[in-house]
Amino acid sequence: MWRRRYVSSRQLDGFRRYKYNAVDTNPLSVYIMQPIWNKIIKIVPLWIAPNVLTFSGFVMILVNYFLIASYDWDYTASGTSPGLVPTWVWLFSAFTTFCAYALDSIDGKHARRTQSSTPLGELFDHGLDSWATSIFVLSFFSVCSRDSGKSGISVYTMYIYLSIVLFNFMCSHWEKYNTGVLFLPWGYDISQVVLIAAYLLTGSVGVEVWHKPLLFGFYITDALVILLIGFSLFLSFPQTLYNIYRAHLKKTLRNNSLYEGLLPLVSPLLLFMLLTVWVALSPVDILAKQPRLFLWMVGVAFSNVICKVIICQMSSTQPELFHWFLFPLALVVYAAISGLLGWMEEAVLAVFTVLVTAAHVHYGVCVGRQLSDHLNIYIFSLKKRVQE
């Protein structure tokens with residue numbers, strides 16, 4: 001069951017030739033955060049494998065998410081019952097977010113420090129990042145809360161907000177697929193600092209701060225949404241296009257045709273088209289009925305699609321035109337919007353979400369074991385494997 005081969009032999013060969021190439025130009029990262037990480041890395045024991053740091057950070061993100069969800073399943077606690085989520089939960093969220101941020105930032109440094117950098121380590125890191133990106137956002141929604149008529153944000157704004165964040169993540173790896181260089185997005189460090197600050201503010205002052213006008217009738221959540229959209233439209237996406245264009249001028253593009261260059265975008269865009277159709281045309285208004293379940297499913301589906309793009313990018317192979325997940329999703333969406341599911345739509349969403357999550361976990365475990373065997377290394381240990 002856990003030995004399925006998701007990675008082709010051609011891709012495995014490509015991983016052996018892979019070399020990591022990244023550029024970080026964010027002043028916040030270069031001048032403030034990196035010096036902090038360089039001090040923290042010194043206290044990490046040399047016997048700990050880098051992937052242990054990566055996975056520990058991801059586990060902390062999950063623990064924080066499910067802790068908040070246990071108090072606020074439908075994103076209404078902060079708006080209708082401000083005291084329902086204890087203060088210590090918000091402070092714990094700030095702590096776990098910082099720890100996850102730190103661990104994600106030092107795992108690569110620790111790999112170079114222990115001379116254990118491998119393609120598996122990078123794939124493990126970026127694969128978990130593709131899932132953690134949505135979980136960070138879904139946890140934050142509990143701070144600002146669902147629209148109560150007076151304050152908060154609507155579930156549709158939540159969906160758009162999440163989609164934009166995932167779009168930015170997708171663009172970073174689409175950019176690397178075409179240029180061979182990972183230009184680390186400025187939004188990552190900024191978003192982590194904002195998240196930590198938001199949790200600390202909520203824990204110190206209370207969730208009421210999010211439900212009072214900040215300036216000219218605007219709320220803090222309004223400012224964050226405007227900042228996110230503006231950052232994406234006027235900085236992140238244009239920078240991605242510019243980097244690809246510059247690689248074209250230098251004749252360093254990895255793909256010679258427009259079709260090959262745009263291929264990684266097909267499945268993610270089709271995914272969001274199908275999900276948006278479901279949101280817009282659902283007879284029972286599925287997003288309003290089950291926002292946490294639906295948005296979790298969006299994040300997991302996106303992660304699985306992007307993981308395959310990352311594998312192709314690292315192995316210098318072409319991604320498939322249509323990800324397999326699109327077909328069952330299309331059937332579910334059709335059955336839902338046509339009314340075939342009727343009152344069972346929520347139940348079908350729950351079952352579908354469980355199956356997609358299980359499939360994604362299975363995919364990640366199998367890919368990890370397959371690359372571990374191929375590269376003859378352990379995932380969570382620095383010990384050398386005996387050559388078979």
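**Entry: ground rules.** I am working from a predicted model, in which local features need pLDDT of at least 70 and side-chain atom pairs count only at pLDDT 80 or more, while totals for chains, interfaces and linings use all residues. Residues are numbered from 1 along each chain as its sequence is written, and side-chain values use heavy atoms, with hydrogens and water left out.

Entry: I placed F294 in helix α12, taking helices (H or I, at least four residues) and strands (E, at least two) as DSSP runs numbered from the N terminus. With residues up to four places away in sequence not counted, F294 touches Y159, L275, W278, V279, I286, L287 and L349, contact being heavy atoms within 4.5 Å. V279 is 15 residues from F294 along the chain, and their C-alpha atoms are separated by 9.2 Å.

I then turned to the largest nonpolar core, which has 105 residues; such a core is a set of buried Ala, Val, Leu, Ile, Met, Phe, Trp, Tyr and Cys residues joined through side-chain atoms within 4.5 Å. Helix α12, residues 291-315, gives the most to this core, with 15 residues. F294 is among the residues with the most contacts inside the core, together with F140, F141, Y159, L271, L275, W278. For L275, leaving aside neighbours within four places in sequence, I noted contacts with Y159, F294, M297, V298 and L329.

**Entry: I135.** I found I135 in helix α6, and I135 is buried, with a relative accessible area of 0%. Apart from residues up to four places away in sequence, I135 touches F58, I61, L62, Y65 and W296. G57 is 78 residues from I135 in sequence and 12 Å from it in space, C-alpha to C-alpha.

**Entry: helix α7.** I checked the length of α7 (residues 155-179): at 1.5 Å a residue its 25 residues should span 36 Å, and its end C-alpha atoms are 36 Å apart, which agrees; the expected span is 1.5 Å times one less than the number of residues. Of the 25 residues of α7, 21 are buried, so this helix is largely enclosed by the rest of the structure. G180 follows α7 and has a positive phi, near 80°.

**Entry: the second largest pocket.** On a 1 Å grid over the protein atoms alone, a pocket is an open set of points with protein on both sides within 12 Å along at least five of seven lines, a cavity is a set where a 1.4 Å probe fits but cannot get out, and lining residues have an atom within 4 Å of a point. Grid points are joined across faces, edges and corners, and a volume is the space filled by probe spheres set on the points.

I read a volume of about 480 Å³ for the second largest pocket. Its lining holds 21 residues, and F124, L128, V361, G364 and V365 lie nearest the centre. At least two lining residues come from each of α3 (50-71), α6 (119-144), α12 and α14 (345-375), and α14 gives the most, with 8 residues. By class the lining of this pocket has 15 nonpolar, 5 polar and 1 charged residues, where Ala, Val, Leu, Ile, Met, Phe, Trp, Tyr, Cys and Pro count as nonpolar, Asp, Glu, Lys and Arg as charged, and the others, Gly among them, as polar.

**Entry: cavities.** Searching the whole structure, I found 3 cavities of 30 Å³ or more. The largest cavity has a volume of about 50 Å³ and is lined by A301, N304, W324, F325, V356, A359 and H360. The elements that give two or more residues to the lining of the largest cavity are α12 and α14, of which α14 gives the most, with 3 residues.

**Entry: positive phi in loops.** K251 is not a glycine, although its phi is positive at about 60°. I found K251 in the loop between α9 (220-249) and α10 (258-281), and at 74% relative accessibility K251 counts as exposed. S316, also not a glycine, has a positive phi of about 60°; S316 sits in the loop between α12 and α13 (326-337), and at 47% relative accessibility S316 counts as partly exposed.

Note on methods: Buried < 20%, exposed > 50% of the residue type's maximum accessible area, 1.4 Å probe, protein only.
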